[in-house]
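Let's take a walk through this chain together. Have the sequence and the model open side by side, and follow along.

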Amino acid sequence: MYYVQKRISNKAKQMLEAYQWPGNVRELRNMVENMIVSIPGETIEAHHLPFHTYNEDEKCDYLPLKKKVEQFEQRLVKETIQHCSSLRQAAKELGIDHSTLIKKLKRWECKEREEQA
């Protein structure tokens, strides 16, 4: 129909397989069509999936919006870093300054340490 070739990353496949699909095949078809036309790259990554498709254990419905946004930002940053060859390249792809990315990573690392203590 669209004559566009896309791939789905392994992580995105896992998330789609774990999703319960209450809308059945129609929901799947609509979601795939939407991703095909709206995602500019060749590969559909996990962060491209709608938030409601994430595993239930990854969701925290009781968290405030600010915390949910931060969790999404962390996931997006980690995935970008994984497929980039450097932090500078990751920052460029994310559309932020390299120093901003470094500050975010340090802040998140400190928060993790505090939560583990």
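Start at His 48, which is partly exposed because its relative accessible area is 29%; buried means under 20% relative accessible area, exposed over 50%, and partly exposed in between, with a 1.4 Å probe and protein chains only. Before going further, note that this is a predicted model, where local features need pLDDT of at least 70, side-chain atom pairs count only at pLDDT 80 or more, and totals for chains, interfaces and linings use all residues. Residues are numbered from 1 along each chain as its sequence is written, and side-chain values use heavy atoms, with hydrogens and water left out.

His 48 sits in the loop between strand E2 (43-44) and H3; helices (H or I, at least four residues) and strands (E, at least two) are DSSP runs, numbered from the N terminus. Setting aside neighbours within four places in sequence, His 48 is in contact with Met 35, Ile 39 and Thr 43, where contact means heavy atoms within 4.5 Å. The C-alpha atoms of His 48 and Ala 12 are separated by 8.3 Å, although the two residues are 36 residues apart along the chain.

Now zoom out for a moment. The chain has five helices and two strands, and from the N terminus on the order reads β-α-α-β-α-α-α. Of the 117 residues in the chain, 27% are buried. Among contacts with a separation of 6 or more, 56% join residues 24 or more positions apart.

Where do the buried nonpolar residues gather? The largest nonpolar core has 12 residues in all, among them Ala 12, Trp 21, Met 35, Ile 39 and Leu 49; such a core is a set of buried Ala, Val, Leu, Ile, Met, Phe, Trp, Tyr and Cys residues joined through side-chain atoms within 4.5 Å. Helix H1 (10-18) and H2 are the elements that give two or more residues to this core, and H1 provides the largest share, three residues. Apart from this core lies another, of six residues, including Val 77 and Cys 84. In soluble globular proteins, nonpolar side chains tend to be buried together.

Two residues by the H1-H2 connection are worth a stop. Trp 21 lies in the loop between H1 and H2, and its phi is near 55°, a positive value in a residue other than glycine. Trp 21 counts as buried because its relative accessibility is 18%. Glu 27, found in helix H2 (residues 24-38), is also buried, with a relative accessible area of 18%. Beyond four places in sequence, Glu 27 is in contact with Tyr 19, Trp 21, Pro 22 and His 52.

Next comes helix H3 (residues 65-82): at 1.5 Å a residue, its 18 residues should span 26 Å, and its end C-alpha atoms are 26 Å apart, so the two agree. The expected span is 1.5 Å times one less than the number of residues. The buried residues of H3 are Glu 70, Gln 74, Arg 75, Val 77, Glu 79 and Thr 80.

Finish at the largest pocket, whose lining includes Ile 39, His 48, Leu 76, Thr 80 and Glu 93. On a 1 Å grid over the protein atoms alone, a pocket is an open set of points with protein on both sides within 12 Å along at least five of seven lines, and lining residues have an atom within 4 Å of a point. H3 and helix H4 (87-94) are the elements that give two or more residues to this lining.

Methods: On a 1 Å grid over the protein atoms alone, a cavity is a set of points where a 1.4 Å probe fits but cannot get out, and a pocket is an open set with protein on both sides within 12 Å along at least five of seven lines; lining residues have an atom within 4 Å of a point.
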